[in-house]
Amino acid sequence: MSILITGVNGFFGKKLANYFLSKNYVVYGIGRNKESKVINVRYWQIDLSANENIDHIVKECQTIYHFAGLTSHNEIVNNTQKARKVNINGTRILLNSFKKFKESKTLVYASSGKVYGHYKSLPLSEDHDTRPLNSLGKLKRDTEKYIEAKLNDKDRFVILRIFNVYGPGQKDNFLIPTIFHQIKNNLKQNKCTIDLGNIDHKRDYIFIDDLVNLFFKMHKLKNLKTGVNIYNVGSGIPIDVNNILKKIAYILNINIKANINPKKLRHDEHDVEYSDIEKISKLTGWKPKVNLESGLKNYISSEFNELIN
């Protein structure tokens, strides 16, 4: 049995590829790097936004995980035109190929909880309106709309609106990695001052291993309906940055002071965002198993073990 991962060299892609390989699946991967960063993936160096033909790859796979695209806030804000080309055009090329084959396939797209934006109540369920506030949310929602427009009676499209993921291997331009890298670079006599933005904002955090477990469950589902299926993915628990810093300080036994950097403040987001995950839990039986403290300990031991030695 075969699966395809676009963006296989990224944070989600590498983790999921290794997980499927550990279960003895054949994994096909597409990425822009010259070589795959995952051993034993059947890999093609392809830029999806450049109109390259991928029919020969898609036809071999039953489930396609679409992760390719720019995802960080700064990347999208600073490269709006490039971001739209990579995300929208890459999705168009993938779907054009996906829809050529008569046999039923499933496409899983990694969207974002940022598609909700404006809201009247919490937690955010799939029934909430999508009125994104920031560039990431708008780009992800536009990509969702493109997928929805390609709907037909036989295909299964899964849109996972994923909230804040963290874990080993994540880029430094996301919150938790940047906290740890600043601690590593600035730690002196068990004290550390780090630059951050909105430390009072509450967000919904999920550890990468829990997300990968859900991705795998989506492949195994027997009761997934045809058409577009939309699900929130998160912990359902709002946690602010102050709380994260306290947990890290406790784990590392250090004092951490946050310096509010005006340049890092975001004014295009609400103070509190967290998900209602009842729909995905009912469908799959999935719930996150890793709480924030356990996830942070795992992250530290995997990438920053020198901080606790």
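This is a predicted model: local features need pLDDT of at least 70, side-chain atom pairs count only at pLDDT 80 or more; totals for chains, interfaces and linings use all residues.
Which residue in β9 is the bridge partner of Tyr166?

Residues are numbered from 1 along each chain as its sequence is written, and side-chain values use heavy atoms, with hydrogens and water left out.

Helices (H or I, at least four residues) and strands (E, at least two) are DSSP runs, numbered from the N terminus. Two strands pair if DSSP finds at least two bridges between them.

Okay, back to Tyr166. Its bridge partner in β9 is Phe207. Three bridges join β7 to β9, residues 202–207, and these two strands run parallel. They belong to an open sheet of three strands, in the order β7-β9-β11, with mixed pairing. At the edges you'll find β7 (164–166) and β11 (238–240), each pairing on one side only. From one strand to the next, the twist averages 60°. For angles like that, axes are lines fitted to C-alpha atoms, for helices over the stretch in contact, and the angles run from 0 to 180 degrees between N-to-C directions. Helix α8, residues 241–252, packs on this sheet and touches β9 and β11, its direction making about 70° with that of β11. Contact here means heavy atoms within 4.5 Å.

Now for the other sheet. This open sheet has seven strands, with parallel pairing, and the order reads β3-β2-β1-β4-β5-β6-β10. The edges are β3 (42–45) and β10 (227–233); each has a single partner strand, so one side of each is left without a neighbour in the sheet. Neighbouring strands of this sheet are turned by 20° against each other on average, direction ignored.

Let's zoom in on one pair. Strand β5 (residues 106–112) and strand β6 (residues 156–162) run parallel and are joined by seven bridges. Among those pairings, Ser112 has Ile162 in β6 as its bridge partner. Helix α5, residues 135–149, lies across β5, β6 and β10, and it runs at about 160° to β5.

Next, the inside. Which residues have the most contacts inside the largest nonpolar core? They are Phe12, Phe180, Ile183, Phe215 and Met218, in a core of 61 residues. By nonpolar core I mean a set of buried Ala, Val, Leu, Ile, Met, Phe, Trp, Tyr and Cys residues joined through side-chain atoms within 4.5 Å. Buried means under 20% relative accessible area, exposed over 50%, and partly exposed in between (1.4 Å probe, protein chains only). Helix α7, residues 208–220, gives the largest share of this core, seven residues.

Take Phe12 as an example. Leaving aside its neighbours within four places in sequence, Phe12 is in contact with Phe67, Ala110, Ile162, Val165, Ile208, Leu211 and Phe215.

Last topic: charges. How many salt bridges does the structure hold? There are 13. A salt bridge is a side-chain nitrogen of Lys or Arg within 4 Å of a carboxyl oxygen of Asp or Glu.

One of them brings together the side chains of Arg84 and Asp142, at 2.9 Å from N to O. That pair links distant parts of the chain, with Arg84 in helix α4 (residues 80–98) and Asp142 in helix α5, 58 residues apart. Arg84 counts as partly exposed at 38% relative accessibility, and Asp142 does too, at 26%.

Then there's Glu273 with Lys114, where the closest N and O atoms are 2.7 Å apart. Here 159 residues separate the partners: Glu273 is in the loop between β12 (255–260) and α9 (278–284), and Lys114 is in the loop between β5 and α5. Are these two buried or exposed? Glu273 is buried, with a relative accessible area of 7%, and Lys114 is buried as well, at 12%.

Glu293 is partly exposed at 25%, and Lys297 is partly exposed at 42%. Finally, salt bridges that share partners join Lys114, Arg203, Arg266, Glu269 and Glu273 into one network.
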